[in-house]
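Hi everyone, thanks for coming. Please have a look at the chain on the screen, and I'll walk you through a few of its features.

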Amino acid sequence: MPEAPEFPELACYGLAGHSSQPADLIDEVRLAERLGLGSVFLSERFNVKDAAVMAGLAVGVSERIGVATAATNPHTRHPLVTATMVTTLHRASGGRYALGLGRGFDLLFDLMGVERVTGARLRDTVEILRTLWSGGSVVGHDGPAGRFDYLSQDSSFDEHIPVLMMAIGGRTLELAGQVADGVVLHTFFTDDTLRRAVEVIRNAAADAGRDPASVRIWSVLATVTDQVPVELRLRKLVGRLATYLQGYGQVLVRANGWDPADLERFRNDHLVQGYPGAFDAVGTVEELTHLRDEVLPAAWLSASATGSPADCAARISDQLEAGADSVVLHGATPAELAPVLDAWRVVRPDGLDALPANPGWMR
């Protein structure tokens, strides 16, 4: 039996950011496993980052690292297709896989011509999936996830598969506490916002009659050391935050309690208005420097891990002290994280080895 990962409390994202070479994931997962990272998370984009394909690659080239789709949508695949994808990955991985679901982006779904995702749809989808994984059938269903006369996989199934939920706003945090096995928060949460989010999730779980401590909460920490070249640092930090603000800035600003006037200044900046793409993909050094020095508040960018590897390791400690159970080191490749893991090994507290490799389970 493969030995457990050295750092089950830590994860990275595979193919962090934009990528044109999905095969790069193979070497990334192998290195992440050798370095001792507990999990690799996989975000889906409608280009060359299909969730099922990436998770299959990750599972196939690893033995002990956890693998999570974080996240895919509950409605761009038929629920039976999603259920089949997940049971396949669950069995192929020996129980290391977790499915992550999220709301996605309303504007994108409007353009695609598909319905927006509501909290009710997320809840309904999770209930359908768990019914199928337990060997049950869905008969005459007419609910937020859709109308289905009959859905079934295999009556012999008794699959225990965790569901992660991505959450930013208060209502989704509450929903995640009520129904999810694990919760993945958002990049650029301040430490205070992280504390509040943990409290909302735990309270919602308790109100739903669940053990609050059974829900695994992942902080997502943008991690950019000073060993990364300056241009790449700008892209991973300034470019990433600016891209979030382009897409759903109001949600992130509201969650953090940041001043909406600063968001309006960003949106009204001459560079941002009509910008032809995502800043983390096409922003130049000059453009990103302008955003950093003249547009974005420094406090917004400081909701991250930067500086030396030791500085970044200290920020991991901050996330755990604020209530997170685990931390996704976001935006960094496994190779970039190697010195951070060396520094973390020195200051890592006791008691974390009990966490399972599967990122969706707390115990």
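How does the radius of gyration of the protein chain compare with that of a compact globule? With 363 residues, such a globule would come out near 21 Å, and the protein chain has 20 Å, so the two agree. The radius here is taken over C-alpha atoms, and the globule rule is 2.2 Å times the number of residues to the power 0.38. Along the principal axes, the C-alpha atoms fill a box of roughly 60 × 45 × 40 Å.

A word on where this comes from: it is a predicted model, in which local features need pLDDT of at least 70, side-chain atom pairs count only at pLDDT 80 or more, and totals for chains, interfaces and linings use all residues. Residues are numbered from 1 along each chain as its sequence is written, and side-chain values use heavy atoms, with hydrogens and water left out.

The protein chain has 14 helices and 11 strands; these are DSSP runs, numbered from the N terminus, with helices being H or I of at least four residues and strands E of at least two. Of the 363 residues, 55% count as buried, meaning under 20% relative accessible area with a 1.4 Å probe, protein chains only. Among contacts (heavy atoms within 4.5 Å) with a separation of 6 or more, 74% come from residues 24 or more positions apart.

Now let's zoom in on two helices. H3 (residues 79-92) and H5 (residues 119-133) pack at an angle of about 55°, their axes 10 Å apart. That angle makes H3 oblique to H5; oblique is what remains once angles under 35 degrees (roughly parallel), over 145 (roughly antiparallel) and 65 to 115 (roughly perpendicular) are taken out. Axes are lines fitted to C-alpha atoms, for helices over the stretch in contact, and angles run from 0 to 180 degrees between N-to-C directions.

Which residues meet there? From H3 we have Pro79, Leu80, Thr82, Ala83, Val86 and Thr87, and from H5 Ile128, Leu129, Leu132 and Trp133. They divide into 8 nonpolar, 2 polar and no charged.

Finally, some backbone details. A cis peptide bond joins Ala70 and Ala71, with omega about 15°, and Ala71 sits in strand S3 (residues 66-72). Leu15, in the loop between strand S1 and helix H1, has a positive phi near 50° without being glycine. Phe188, in the loop between strand S8 and helix H7, also has a positive phi, near 65°. Leu15 counts as buried because its relative accessibility is 3%, and Phe188 because its value is 1%.

Definitions and conventions: Ala, Val, Leu, Ile, Met, Phe, Trp, Tyr, Cys and Pro count as nonpolar, Asp, Glu, Lys and Arg as charged, and the others, Gly among them, as polar. Buried means under 20% relative accessible area, exposed over 50%, partly exposed in between (1.4 Å probe, protein chains only).
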